[in-house]
Amino acid sequence: MDWWLLVMAGLMEVVGVIGIKRVSEKDNLFNNILVIGAFIISFQLLLAAMKTISLSTAYAVWTGIGTVGGAVVGMLFFKESKNPVRLLCIAGIIGCVIALKMTE
């Protein structure tokens, strides 16, 4: 259950990052609520997950999901580079997150 909370925390971080991008393009109330709301939910889920998952693993997985999610969203919706080296780096982050889960 705690790993599920951690994954959801990471996904809400991605929603928050999307909100940041939207605020940078159009600073309005909805986009600001999206940023603040998503990060509040993300931090609450991270806090709940950290009751049983160690700090170092939980934080690394949370940031890994956010980093990979932000990069994928950027490539899919904001026309950012899909350079093969970039994709390899994303795969490396995913591999490290899986390895952390296996050692927990």
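1. Helix axes here are lines fitted to C-alpha atoms over the stretch in contact, and angles run from 0 to 180 degrees between N-to-C directions. The structure is a predicted model. On that basis, the axes of helix α3 (residues 55-77) and helix α4 (residues 84-103) approach within 10 Å and cross at roughly 155°. Angles over 145 degrees count as roughly antiparallel, and α3 is therefore roughly antiparallel to α4. The crossing of α3 and α4 is left-handed.

2. The residues that form this contact may be listed by helix. Helix α3 contributes Thr57, Ala60, Val61, Gly64, Thr67, Val68, Ala71 and Met75. From α4 come Arg86, Leu87, Ile90, Ile93, Ile94, Val97 and Leu100. By class, the contact of α3 with α4 comprises eleven nonpolar residues, three polar and one charged.

3. Val61 lies in helix α3. Is Val61 buried or exposed? Its relative accessibility is 3%, and buried means under 20%, so Val61 counts as buried. When neighbours within four places in sequence are set aside, Val61 is in contact with Trp3, Leu6 and Val97. Between Val61 and Gly92 the separation is 31 residues in sequence and 13 Å in space, C-alpha to C-alpha.

4. The other helix pair to be considered is α1 with α2. The axes of helix α1 (residues 2-25) and helix α2 (residues 29-49) come within 7 Å, with a crossing angle of roughly 160°. Helices α1 and α2 are therefore roughly antiparallel to each other. Their crossing is left-handed. The contact of α1 with α2 has 19 nonpolar residues, together with five polar and three charged.

5. The overall architecture can be stated briefly. The protein chain has four helices and zero strands, and its pattern along the sequence is α-α-α-α. Taken along the principal axes, the box filled by the C-alpha atoms is roughly 40 × 35 × 15 Å.

6. Burial, surface and contact order remain. Of the 104 residues in the protein chain, 33% are buried. The accessible surface of the protein chain is about 6,500 Å², and 73% of this belongs to carbon and sulfur atoms. How many of the contacts between residues at least 6 apart in sequence join residues at least 24 apart? The share in the protein chain is 65%.

Note on methods: Residues numbered from 1 in each chain as written. Predicted model: local features only at pLDDT ≥ 70, side-chain atom pairs only at ≥ 80, totals over all residues. Heavy atoms only, no water. Helix = DSSP H or I, 4+ residues; strand = E, 2+ residues; numbered from the N terminus. Parallel < 35°, antiparallel > 145°, perpendicular 65-115°, else oblique. Left-handed = near helix turned anticlockwise from the far one by under 90°. Nonpolar A, V, L, I, M, F, W, Y, C, P; charged D, E, K, R; others polar. Buried < 20%, exposed > 50% of the residue type's maximum accessible area, 1.4 Å probe, protein only. Contact = heavy atoms within 4.5 Å. Areas by Shrake-Rupley, 256 points an atom, 1.4 Å probe, with all protein chains shown as cover.
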